[in-house]
Amino acid sequence: MEKSTNELLEILKQKKSYEEFFKEEIGEFYFTSVAEYLELLLGEKNLTKSEVILKGNLDKNYAYQIFNGNKTHPSRNKILMLAFGLGLSLNETRKLLKVAGLTDLYIRSPRDSIIMFCINKGESLISTNEYLNDFGLEILE
């Protein structure tokens, strides 16, 4: 991450389509809000808010406040639950945490390493919470 503006410009010039550039360099873009980034991810993943809320086991009203930008500082757990609901990759999850102004996942943290493992394996939120519970760690709720 953190390529120079000139590096990004050179990469852009070499691409055949903007979509290709955007998908490959999404980690380099700045977003003004969590809601803005979530809208982009919804479109990219071709998911509805209700699907994400269901898969992420989120309270409907709370989640819609995040999606609509009314809840500007959601907790780290809620952002991670959204990441599971969206089926994000580890890099996408880390970007979402960054956009939300929250701490990154840290491999030396047992809880975070389980979450990272589960994201990499494509595990569901329920499965991830089972792993966390098995190790006596706080579940995502």
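Biologist: What should I keep in mind about the model before we start?

Modeller: Residues are numbered from 1 along each chain as its sequence is written, and side-chain values use heavy atoms, with hydrogens and water left out. The model is predicted, so local features need pLDDT of at least 70 and side-chain atom pairs count only at pLDDT 80 or more, while totals for chains, interfaces and linings use all residues.

Biologist: Let's begin with helix α2. Which of its residues are buried?

Modeller: First, the terms. Helices are DSSP runs of H or I with at least four residues, numbered from the N terminus. Buried means under 20% relative accessible area, exposed means over 50%, and partly exposed lies in between, with a 1.4 Å probe and protein chains only. Here, the buried residues of α2 are F21, F22 and E25.

Biologist: How are those buried residues arranged around the axis of α2?

Modeller: The general idea is that an α-helix has 3.6 residues a turn, so residues three or four places apart point the same way. In α2 the buried residues fall within an arc of 95° when seen down the axis, so they line one face of the helix. That arc is taken from the directions from the helix axis to the C-beta atoms. E19 and K23 are exposed on the other side of α2. The cover over the buried residues of α2 includes α1 and α3.

Biologist: Could you take F21 as a case? Which residues is F21 in contact with?

Modeller: Gladly. F21 sits in helix α2, which spans residues 18–25, and has a relative accessible area of 5%, so F21 is buried. Contact means heavy atoms within 4.5 Å. Leaving aside neighbours within four places in sequence, F21 is in contact with L8, I11, L12, K15 and F29. As for L8, its C-alpha is 9.1 Å from that of F21, and the two are 13 residues apart in sequence.

Biologist: F21 is also an aromatic residue. How do I read a ring pair such as Y18 and F21?

Modeller: A pair of aromatic rings is described by the distance of the centres and the angle of the planes. Rings of Phe, Tyr and Trp (its six-membered ring) pair if their centres lie within 6.5 Å; planes under 30 degrees apart count as stacked, over 60 as edge-to-face and the rest as tilted. By this rule the count comes to 6 aromatic pairs. For Y18 and F21 the ring centres are 5.7 Å apart and the planes are at 50°, so this pair is tilted. Both residues lie in helix α2, 3 residues apart, about one turn of the helix. Y18 is partly exposed, at a relative accessible area of 46%. Another tilted pair is F31 and Y37, with 4.7 Å centre to centre and 45° between the planes. F31 is buried at 18% relative accessibility, and Y37 is buried at 1%.

Biologist: Which residues form one aromatic cluster?

Modeller: Y18, F21, F22 and F29 do.

Biologist: Now the charged side chains. How many salt bridges does a search of the whole structure find?

Modeller: A salt bridge is a side-chain nitrogen of Lys or Arg within 4 Å of a carboxyl oxygen of Asp or Glu. The search finds 8 salt bridges. One of them joins the side chains of E10 and K13 at 3.3 Å, N to O. These two are 3 residues apart in helix α1 (residues 5–14), so about one helical turn separates them. E10 is partly exposed at 39%, whereas K13 is exposed at 57%.

Biologist: And where do K49 and E39 lie?

Modeller: The side chains of K49 and E39 meet in a salt bridge of 3.3 Å, N to O. This pair links distant parts of the chain, with K49 in helix α4 (residues 49–55) and E39 in helix α3 (residues 34–45), 10 residues apart. K49 is partly exposed at 22% relative accessibility, and E39 is partly exposed at 39%. Elsewhere, salt bridges that share partners join K15, E20 and E24 into one network. Within it, the E20 and K15 side chains meet at 3.6 Å, N to O.
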